[in-house]
Amino acid sequence: MRTAVGALWSSVTWVCWRHWPTWTGYAAGAFSLLYGALGLYWTFGGDGFPFAPVDPARASGSILEGSRAEVVAPIIAALGLIGAVVAWVMTRRTRPGRLPTALVVFGWAAAVGLTLVVPDYTLIVLVAFAPLLAVFAFTGVPGEQDGIGDILYWHRTNLIIVFLGGLLWAAATLGYQRRIRGACAHCGRRHGGGYGPTRQTLLRWGRWAVVVACLAPLPYEVTRIAWYLNVPLGVDEDFLRMMQGTPGMLEVGLGCAVASALGGVLTHGLVARWGEVYPRWIWFKAGRPVPPALAVVPASIVALTIIPAGLMLLWTSEARGTWALWVPSLFWPVWGVGLGVATIAYHRRRRGACHHCGEGPPAVARAAAPASRA
């Protein structure tokens with residue numbers, strides 16, 4: 001039974017990945033239409049407006065949090081309807097030609113707004129605590145919370161839906177833009193157009209981006225470790241005592257700081273030899289090429305989710321009186337951009353010939369023999 005389910009999942013995943021330039025346009029249109037319909041429902045007094053003022057314990061950190069339905073809901077309805085039309089047009093026109101600027105601008109604006117601007121810290125929290133949440137789903141949430149519903153309430157769940165809609169818009173717009181340019185919708189390369197920057201150039205860009213991605217979270221890591229060690233760095237004594245008196249608060253901060261530091265080590269793998277070929281201390285894989293997706297997928301997720309968590313601090317003022325609570329997080333967008341650039345450089349450095357159009361050089365994989373020196 002498990003084998004059959006696994007095979008079915010693999011088949012669905014493969015089909016979705018193989019045809020993403022096609023189906024993401026329809027999915028983005030469906031998302032816009034459905035969310036626009038909800039906006040219309042909220043405009044006429046329907047319940048469940050996800051940005052309405054609520055108890056602070058149930059509020060999100062979204063830029064739209066606390067807005068009035070009569071003001072924002074009609075805008076959601078209008079943009080949803082326009083988005084559905086734009087997505088439909090994108091799925092219809094597939095011949096190369098002049099790039100329609102208005103459609104591309106709308107598509108990328110929707111992608112950036114939905115993935116980076118509207119969400120808050122919820123997504124990076126889910127990424128960081130996904131293993132614990134998986135356990136809590138079956139064992140119950142410890143402490144005063146009453147189940148997962150007290151963590152993923154509607155104001156937060158809505159932001160996850162919005163984020164996923166933004167990813168659909170990014171994929172749909174990218175695929176459409178490539179088709180109009182006469183490039184392969186999967187890899188972006190055109191016949192006879194060259195392979196782009198050299199491997200050495202991409203490696204140089206990646207190294208600078210990795211430096212940025214490793215330095216940006218340092219203020220956050222230093223302050224959280226200092227608090228755990230009873231050093232009131234950036235906070236007063238009363239605030240530190242409050243954290244010490246709250247079960248688990250300092251431990252969570254320490255765990256996040258350690259996880260961030262370990263993430264910096266993994267980020268280094270985007271430009272290191274062991275990020276391309278398994279080193280000898282991974283004895284069961286030593287000398288074999290590291291699958292690019294093993295680095296690209298998690299790094300992309302972190303890069304995309306850390307940016308809105310940092311941007312959130314630009315329009316929330318609750319922690320402004322204590323610099324150590326919000327200044328370190330202002331570097332998170334820089335962290336996300338640096339990690340994103342490093343990930344793109346790694347991906348382009350590792351990718352080989354496209355399986356769909358055949359363009360590109362063979363995949364670059366270093367020889368297994370020198371792996372013994374790792």
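Is the crossing of α3 and α4 left-handed or right-handed? I looked it up in this predicted model, and the crossing is left-handed.

**Entry: α3 with α4.** I noted that α3 covers residues 69–92 and α4 residues 101–117. Their axes lie 10 Å apart, and the packing angle is about 125 degrees. That makes α3 oblique to α4. Next I listed who touches whom: on the α3 side I found Leu-79, Ile-82, Gly-83, Val-86, Val-89 and Met-90, and they meet Leu-103, Phe-106 and Gly-107 of α4. Sorted by class, this contact holds seven nonpolar residues, two polar and no charged.

**Entry: α4 with α7.** I then followed α4 to α7, which spans residues 154–180. Here the axes come within 7 Å and cross at roughly 155 degrees. An angle over 145 degrees counts as roughly antiparallel, so α4 is roughly antiparallel to α7. This crossing is left-handed. From α4 I wrote down, among others, Trp-108, Ala-111 and Leu-114, and from α7 a set including Phe-163, Gly-166, Trp-169 and Tyr-176. The tally for this contact is 14 nonpolar, six polar and no charged residues.

**Entry: Glu-276.** Last, I went to the loop between α11 (249–268) and α12 (292–311), where Glu-276 is found. Is Glu-276 buried or exposed? Its relative accessibility is 2%, so I put Glu-276 down as buried. What does its side chain join? I found a polar contact of 3.1 Å to the side chain of Arg-349.

How values were computed. Residues numbered from 1 in each chain as written. Predicted model: local features only at pLDDT ≥ 70, side-chain atom pairs only at ≥ 80, totals over all residues. Heavy atoms only, no water. Axes fitted to C-alpha atoms, helices over the stretch in contact; angles between N-to-C directions. Helix = DSSP H or I, 4+ residues; strand = E, 2+ residues; numbered from the N terminus. Parallel < 35°, antiparallel > 145°, perpendicular 65-115°, else oblique. Left-handed = near helix turned anticlockwise from the far one by under 90°. Contact = heavy atoms within 4.5 Å. Nonpolar A, V, L, I, M, F, W, Y, C, P; charged D, E, K, R; others polar. Buried < 20%, exposed > 50% of the residue type's maximum accessible area, 1.4 Å probe, protein only. Polar contact = N/O pair within 3.5 Å; in protein donor to acceptor, adjacent residues only side chain to side chain.
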